[in-house]
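Work through the exercises below with the model open. Each task is followed by a solution in steps.

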Amino acid sequence: MRTAAEAKRAIARRAAELVEDGDVIALDTSSTSHHLALELVSRQGLVVITQSLPTATMLAERSTARIVMPGGTLRRESSGLVGSIGDALAGRGRIRTAFVGVVGLSPERGLLELASDEALAKQALVAMSDRVHALFDSSKTTGFALHTFATPEQVTSLITDEAADDDFVAQWEGVGVAVDRVPLGDDQTTGTAPVPARGASASRRHTQKEHR
């Protein structure tokens, strides 16, 4: 959550503009999707399909969203449920919009994950969604990953920060995928900041007490 946090918050604010009250959306286990969830706590009537334990917990505590967790095996690296979830989603209706993070991406192979079980879970979300927006900071434009979870034809847009270069944009627009480069500098958020760890809060209180 701390890596490229300013860029992720800016990307999340832009992505939040695509969500309306009452929408059915999917949020994957990425940290940028969690930032987006923080921007959506005041939305009404949302149905959120997610495999992220932190995102589900935060929304349960701070929003009125109905949360659907399709299941899977807990992957500690992402604090999310991964694996084959297609049977849990098939025949249950459509997801209006999926927001997904990436480890890497290419205009030839699409959106990529490094772990096969993460890719498998994201494939199911993508297959059930009418729109797919990839959310990632510009460092991912040169990332390396192995497993495709969304082909270029399945991707609606890429939302990244202003540091993504013109060649990257041209390559993706060449295969029909719009790229939105979000400017940085305005770090205001419309959502709620993540809850600090208990140890961090205690440390700050101790420091303040000593200062007084």
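The model is predicted.

**Exercise 1. Classify D23 as buried or exposed, and find its salt-bridge partner.**

Step 1. Buried means under 20% relative accessible area. D23 has 7% relative accessibility, so D23 counts as buried.

Step 2. D23 forms a salt bridge with R96, and the closest N and O atoms are 3.2 Å apart. The two residues belong to distant parts of the chain: D23 sits in the loop between helix 1 and strand 1 (24-27), R96 in strand 6 (residues 95-100), and 73 residues separate them.

Step 3. R96, at 26% relative accessibility, counts as partly exposed.

**Exercise 2. Determine which parts of the chain the salt bridge between D180 and R14 ties together.**

Step 1. The side chains of R14 and D180 meet at 2.8 Å, N to O.

Step 2. R14 lies in helix 1 (residues 5-16) and D180 in strand 12, so the bridge ties together parts 166 residues apart in sequence.

Step 3. Both ends can be classified by accessibility. D180 is partly exposed, with a relative accessible area of 25%; R14 is partly exposed at 24%.

**Exercise 3. Identify the salt-bridge network that contains E113, and classify E113 and K122 by burial.**

Step 1. A salt bridge joins the side chains of E113 and K122, at 2.7 Å from N to O.

Step 2. D28 is linked with E113 and K122 in a network of salt bridges.

Step 3. With the limit for burial at under 20%, E113 is buried at 9% relative accessible area, and K122 is buried at 3%.

Step 4. For context, a search of the whole structure gives eight salt bridges.

**Exercise 4. Describe the two sides and the ends of helix 6 (residues 166-174).**

Step 1. The buried residues of helix 6 are F168, V169 and W172. Viewed down the helix axis, they fall within an arc of 95°, so they line one face. In general, an α-helix has 3.6 residues a turn, so residues three or four places apart point the same way.

Step 2. Strand 7 (104-106), strand 8 (110-113), strand 11 (157-161) and strand 12 (178-182) are among the elements that cover these buried residues.

Step 3. D166, D167 and G174 are exposed, on the face of helix 6 turned away from its buried side.

Step 4. Just after helix 6, G176 has a positive phi of about 85°.

Terms used:
Residues are numbered from 1 along each chain as its sequence is written. This is a predicted model: local features need pLDDT of at least 70, side-chain atom pairs count only at pLDDT 80 or more; totals for chains, interfaces and linings use all residues. Side-chain values use heavy atoms; hydrogens and water are left out. Buried means under 20% relative accessible area, exposed over 50%, partly exposed in between (1.4 Å probe, protein chains only). Helices (H or I, at least four residues) and strands (E, at least two) are DSSP runs, numbered from the N terminus. The arc is that of the directions from the helix axis to the C-beta atoms. Contact means heavy atoms within 4.5 Å. A polar contact is a pair of N or O atoms within 3.5 Å; within protein, one must be able to donate a hydrogen and the other to accept it, and residues adjacent in sequence count only if both atoms are side-chain atoms. A salt bridge is a side-chain nitrogen of Lys or Arg within 4 Å of a carboxyl oxygen of Asp or Glu.
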